Amino acid sequence: MKQIAVVGVGYVGLVTAACFADLGNKVIALDIDEGKIARLKRGEMPIYEPGLEELVRRNVHAGRLTFTTSYREALTGTEFAFIAVGTPEGVDGEADLRYVEAAAKSIAQTMQDPLIVINKSTVPVGTGDWVAEIIREHQPQPVPFSVVSCPEFLREGSAIADFMNPHRVVLGSTDKEAAEKVAQLHLPLRAPIIVTDLRTAEMIKYASNAFLATKISFINEIANICEALGADVEEVAVGMGYDPRIGPLFLKAGLGYGGSCFPKDVKALAHMAEEKGRHPQLLHAVMEINADRRRMAVERVREMLGGELKGKIVGLLGLAFKPNTDDMRESPAIDIARGLLEAGAEVRAYDPIAMENASRLLPEVVMCADPYALAEGSDALMVITDWNEFKQLDLERLRDLMRQPVLFDGRNIYDPDVMCKLGFTYRGVGRGYTGACADDAQSSADPAETEKA
Ligand code: UDX
């Protein structure tokens with residue numbers, strides 16, 4: 001049994017702490033937020049993540065997981081200290097490292113035994129070296145330590161499964177012995193372990209997230225072209241995905257990426273490049289295409305409502321940046337709701353779990369009890385988040401409750417033909433839809449021409 005401290009009980013920290021405890025280690029999770037620690041001690045989760053509450057409860061009960069606000073308590077007898085504090089976006093798009101700095105200083109001032117400090121937070125390339133410098137400068141007397149980068153690749157909603165079944169574990173350090181010890185901690189996960197230098201490990205994280213964001217913006221660009229030319233992006237993605245050089249994942253066209261990672265990481269990578277005099281043109285295009293998705297959604301609904309949003313009631317199906325989370329960070333819903341409000345529409349919304357978080361950001365939006373209450377009297381509905389529960393709605397009931405049966409499907413969860421036959425004015429994303437039901441559309445030789453007509 002190894003003893004591990006995890007500094008920061010946000011998303012990444014809490015999942016990391018609970019999972020390492022579940023692997024049989026003794027884990028002490030620390031946060032300077034006393035309220036958060038008190039709630040965790042009572043068994044209350046600060047975030048929504050499927051399976052987390054149960055995992056925490058089980059490991060607390062087994063005595064493998066404890067919570068504290070005291071660095072002394074966390075570091076006494078501890079060999080590994082993970083830093084998993086937040087790295088929010090700073091003013092110019094660079095990562096704000098004040099919490100990393102504070103954690104490194106506190107570790108330096110408290111540690112009494114040799115320690116391996118492991119950066120889990122996504123930090124700019126070079127931060128590992130900087131953390132080592134901070135620790136060296138703030139130690140009251142020299143105690144040996146090493147810094148290892150071990151970036152997380154956790155997705156919200158499946159973070160526990162992602163931790164337990166990683167595609168790879170990336171470790172960066174100049175101290176090969178320390179990297180080897182951290183590799184041992186990960187051995188039960190049976191994943192490929194890549195050991196490299198600190199900066200390369202930090203870069204692997206940014207490059208991975210920027211590539212995934214690029215895939216999303218790429219397919220969204222293709223969706224735009226599909227719409228203009230009368231092709232169906234859903235089938236294009238399937239056709240592309242069978243080529244193993246491309247792969248089927250992250251080719252879902254829609255409203256673009258949101259969340260706590262992709263927007264922040266792409267911006268931070270571009271910022272790092274520019275600081276060194278490079279021109280990250282592709283990254284800028286990725287960000288621009290992503291921002292356009294939100295404007296496009298507002299424009300589509302405006303078109304579908306005959307060119308006018310003023311006085312119209314628009315209902316948003318879903319608010320979270322993706323399903324299975326209550327996270328609203330960088331959710332397309334925010335820009336879309338604001339765009340609609342600015343255009344004079346009345347905006348309502350329903351989300352299974354994100355309404356509380358969303359109300360704080362969007363106080364003007366009226367929250368509804370369920371999708372049917374949302375539909376009642378609405379001029380248009382927009383699918384913003386592809387929650388499973390939206391896939392099996394009683395669409396006829398929804399249609400009958402609406403003032404006008406207009407539905408913009410920002411995540412392509414419905415079949416255009418079915419929607420058309422049900423009498424909806426329906427549009428998905430990148431589906432070259434001409435406004436006619438499939439049977440009628442077949443008679444149209446060139447859908448692109450019909451679109452123009
Ligand atoms: C992401 C990374 O996947 C994870 O490895 C990293 O460490 C943190 O960031 P997360 O933000 O939880 O995880 O969500 P993810 O499931 O990757 O989706 C990100 C966004 O992209 C969502 O807004 C989602 O709707 C969007 N997306 C994803 C698409 O629009 N199309 C796709 O094909 C895939």
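A polar contact is a pair of N or O atoms within 3.5 Å; within protein, one atom must be able to donate a hydrogen and the other to accept it. In this predicted model, such a contact joins the side chains of E156 and T325, at 3.1 Å. E156 sits in the loop between strand 6 (145-149) and helix 7. With a relative accessible area of 9%, E156 is buried, because buried means under 20%.

The shell around the ligand holds 19 residues, and E156, K252, G258, C261 and K322 come nearest. By class, the shell divides into 9 nonpolar, 3 polar and 7 charged residues. Helix 9 (residues 198-229) gives the most to this shell, with 3 residues. Two domains take part. Both domain 1 (3-196) and domain 2 (197-453) give residues to the shell, so the ligand lies between them.

A polar side-chain atom of K205 is 3.3 Å from a ligand oxygen. For F321, a polar backbone atom is involved, and the separation from an oxygen atom of the ligand is 3.2 Å. In R411, an N or O atom of the side chain lies 3.4 Å from a ligand oxygen. Taken alone, the ligand exposes 660 Å², and the protein buries 91% of that.

Aromatic side chains were examined next. A pair of aromatic rings is described by the distance of the centres and the angle of the planes. The structure holds 5 aromatic pairs. In one of them, the rings of F20 and F163 have centres 5.1 Å apart. Their planes stand at 85 degrees, so the pair is edge-to-face; planes over 60 degrees apart count as such. The pair links distant parts of the chain. F20 is in helix 1 (residues 11-22), F163 is in helix 7 (residues 159-164), and 143 residues separate them. F20 is buried, with a relative accessible area of 0%. F163 counts as buried too, at 7% relative accessibility. Together with F82, F20 and F163 form one aromatic cluster.

Helix 2 (residues 34-41) has a cap at its N-terminal end, provided by D33. A side-chain oxygen of D33 lies 3.0 Å from the backbone nitrogen of G35. Helix 2 is followed by G43, whose phi is positive, near 90 degrees.

Positive phi values also occur in residues other than glycine. F250 has a positive phi of about 60 degrees although it is not a glycine. F250 is found in the loop between helix 10 (233-241) and helix 11 (262-275). At 32% relative accessibility, F250 counts as partly exposed. N324 is another residue other than glycine with a positive phi, near 65 degrees. The loop between strand 9 (313-317) and helix 13 (332-342) contains N324. Its relative accessible area is 40%, and N324 is partly exposed.

The loop between helix 10 and helix 11 also contains R245. R245 is exposed, with a relative accessible area of 75%, because exposed means over 50%. From R245 to A159, the C-alpha distance is 26 Å, and the two are 86 residues apart in sequence.

V91 lies in another loop, between strand 4 (80-83) and helix 5 (98-110). V91 counts as exposed, at 82% relative accessibility.

T200 is placed in helix 9, the helix that gives the most residues to the shell around the ligand. At 34% relative accessibility, T200 counts as partly exposed. The C-alpha atoms of T200 and R39 are 37 Å apart, and the two residues are 161 residues apart along the chain.

Definitions and conventions: Residues are numbered from 1 along each chain as its sequence is written. This is a predicted model: local features need pLDDT of at least 70, side-chain atom pairs count only at pLDDT 80 or more; totals for chains, interfaces and linings use all residues. Side-chain values use heavy atoms; hydrogens and water are left out. A residue is near a molecule or strand if one of its heavy atoms lies within 4 Å of it. Accessible areas come from the Shrake-Rupley method with a 1.4 Å probe; for residues, only the protein chains shown count as cover. Helices (H or I, at least four residues) and strands (E, at least two) are DSSP runs, numbered from the N terminus. Ala, Val, Leu, Ile, Met, Phe, Trp, Tyr, Cys and Pro count as nonpolar, Asp, Glu, Lys and Arg as charged, and the others, Gly among them, as polar. Domain bounds come from an automatic or database domain assignment. Rings of Phe, Tyr and Trp (its six-membered ring) pair if their centres lie within 6.5 Å; planes under 30 degrees apart count as stacked, over 60 as edge-to-face and the rest as tilted. Buried means under 20% relative accessible area, exposed over 50%, partly exposed in between (1.4 Å probe, protein chains only).
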